[in-house]
Amino acid sequence: MADSYKLSKEGKLLVDNSRRERRWNTNSPEWIEMAHTSESTLKRFLRGNKISSDHFISICEAIGLTEWQKLVDWEDKDSTRVGSFSTQTPTVQKTERKTRGRVVVSGTFDEGIREEIDIVVEHLKTLLTTCNVTISPSDNDKID
């Protein structure tokens, strides 16, 4: 049985508060990118549907909620992974996760320093040769 978790009612409130503090929508590209997930998985998470434990944890961590265990609906019988023939009290097994690094830089700047920003970004690209460096304008920015 694969590990899968669903968000509890209390967890939904905590996630929603954290999301609002960041001024993110429920489908913010920043959240999706930081969680290394898809928009459809994020939607299932927010609706309280079961998703894989890896995605559940990544989505929680991306929004700043590192104690993801407090957000799981443990009343749901499939939100734990237990041995099928165990006579002992069921215990949750630790999920093995891949280590991922990420850097997110956000800010507002005047067009006058755009050239300096471009130089810094190009330098980052040379340092992070095995990474994908993406520059995205905010929703309020206009691109001519």
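Read along the sequence, the protein chain follows the pattern β-α-α-α-β-α-α, with helices (H or I, at least four residues) and strands (E, at least two) taken as DSSP runs numbered from the N terminus. This is a predicted model, in which local features need pLDDT of at least 70, side-chain atom pairs count only at pLDDT 80 or more, and totals for chains, interfaces and linings use all residues. Residues are numbered from 1 along each chain as its sequence is written, and side-chain values use heavy atoms, with hydrogens and water left out.

Q: Which residues of α1 are buried?
A: Buried means under 20% relative accessible area, exposed over 50%, and partly exposed in between (1.4 Å probe, protein chains only). The face turned away from the buried side carries the exposed Lys 9, Glu 10, Leu 13, Arg 20 and Glu 21. The buried residues of α1 are Gly 11, Val 15, Ser 18 and Arg 19.

Q: Against which helices do the buried residues of α1 pack?
A: Contact means heavy atoms within 4.5 Å. The partners of these buried residues are α2 (29-34) and α3 (39-47).

Q: What share of the residues of the protein chain count as buried?
A: The protein chain has five helices and two strands. Of its 144 residues, the buried share is 27%.
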